[in-house]
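Good morning, and thank you for making time for this item.

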Amino acid sequence: MRLGIGILGWNRPYYLIETLRALRDNDLTDCDAHLFQDGAVCRVTGAVRAEARDIEADVAVFRAMLPGGTIHQHEQRVGIAENRLAQLGYLSEHYDLWLALEDDVVVSSQYVALMRNLLEDWAGRDNVGAFSSPLWAEQAVQERLGYHVSERPNGPVSVLATRTPWFAPVLDRFRQYCEVIRPYEYRDGWPEYQTAVRQLFGGQNIVVSSNGALIWAFQASGRRLWGVVSTRAITLGRDGTHMTPEIYQRVGYAAGVVHQHPEELAVPFVDATPL
């Protein structure tokens, strides 16, 4: 069965290079790679939000590193939520098994095979929405291989592995979020955007962002977000607002560290959720 791999892209080719380099270290047999590339000019305000050369560099990097892949390119800047909806929707429509990554995620060299094994092993379960790879500190879980999984209702969601039947209710909820925010730009329309999203979230204390909306979508749909206990994917965390070296240090994550355990591919998965 073919596995779809979707990567979000915008204006950070220097991150995308590392994401694709890590993916290429995996066995990509029977895998299809897709880049979902956002644009430079905001579709709502007409403001320029990125350099055209960075958009072009993203596309060039993908074509050079994964020449057999497919590029889905927006003519305008639609924002990460709409771009993510395009990614999740396309993967759900065309694949039963798939991985969704942001453009600053580095995975282990066994990640693709590990996730395929996990998705196949858990195929008959009905309490799953997707699997994430939490950013755990190396020293805290060094004795655990990747076959331990545990429920992680609050993410992170920078990388997801799932089956389309599991994810369908989550996608419906995330589509609701995108419909609510479509009239606004995330930055210039912030007060109206924030009010509309808070109403959708029903007053829950969830971060108002596309990541927060995806976590809400899991919760609202009743689908559970699970995590592979040992770190199998990390966000690069050198700039931006979500993960920086300072934040990594403060929360105790091992920045830049992914576990590499080839032997784990032969081991069945178990539920490590505490009773």
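**Salt bridges**

Arg12 forms a salt bridge with Asp103, with 2.6 Å between the closest N and O atoms. The term salt bridge here denotes a side-chain nitrogen of Lys or Arg within 4 Å of a carboxyl oxygen of Asp or Glu. This pair links distant parts of the chain, since Arg12 belongs to the loop between β1 and α1, Asp103 to the loop between β4 (97–101) and β5 (105–107), and the two are 91 residues apart. Helices (H or I, at least four residues) and strands (E, at least two) are DSSP runs, numbered from the N terminus. Both Arg12 and Asp103 are buried. Buried means under 20% relative accessible area, exposed means over 50%, and partly exposed lies in between (1.4 Å probe, protein chains only).

Before I continue, a word on provenance. This is a predicted model, in which local features need pLDDT of at least 70 and side-chain atom pairs count only at pLDDT 80 or more, while totals for chains, interfaces and linings use all residues. Residues are numbered from 1 along each chain as its sequence is written, and side-chain values use heavy atoms, with hydrogens and water left out.

By the salt-bridge rule, the count comes to twelve. Which residues does Arg2 join in a network of salt bridges? Arg2, Asp30 and Asp32 are linked in this way. The side chains of Asp30 and Arg2 meet at 3.6 Å, N to O. For the side chains of Asp32 and Arg2, the N to O distance is 2.8 Å. Here Asp32 lies in strand β2 and Arg2 in the segment before β1, so the parts tied together are 30 residues apart in sequence. As to accessibility, Arg2 is partly exposed at 40%, Asp30 is partly exposed at 40%, and Asp32 is partly exposed at 21%.

**Strands and the chain as a whole**

The chain has eight helices and eleven strands. Strand β6 (residues 130–132) pairs with β9 in the parallel sense over three bridges; two strands pair if DSSP finds at least two bridges between them. Ala130 has Leu225 in β9 as its bridge partner. In a regular strand, side chains alternate between the two faces of the sheet.

Of the 275 residues in the chain, 53% are buried. Among contacts (heavy atoms within 4.5 Å) with a separation of 6 or more, 81% are accounted for by residues 24 or more positions apart.

**Aromatic rings**

How many aromatic pairs does a search of the whole structure find? The search finds ten. Rings of Phe, Tyr and Trp (its six-membered ring) pair if their centres lie within 6.5 Å; planes under 30 degrees apart count as stacked, over 60 as edge-to-face and the rest as tilted. The rings of Trp98 and Phe167 have centres 5.1 Å apart and planes at 85°, so that pair is edge-to-face. Trp98 lies in strand β4 and Phe167 in helix α5 (residues 164–181), so the pair ties together parts 69 residues apart in sequence. Trp98 is buried at 0% relative accessible area, and Phe167 is buried at 0%.

Tyr177 and Phe201 form a stacked pair, with 6.4 Å from centre to centre and 15° between the planes. Tyr177 lies in helix α5 and Phe201 in helix α6 (residues 190–201), so parts 24 residues apart in sequence are tied together. Tyr177 is buried, at 0%, and Phe201 is buried, at 1%.

Trp122, Phe131, Trp166 and Trp226 are linked by ring pairs into a cluster. Arg125 lies over the face of Trp122, 3.7 Å from the ring centre. A charge sits over a ring if NZ of Lys or CZ of Arg is within 6 Å of the ring centre and within 35 degrees of the ring normal.
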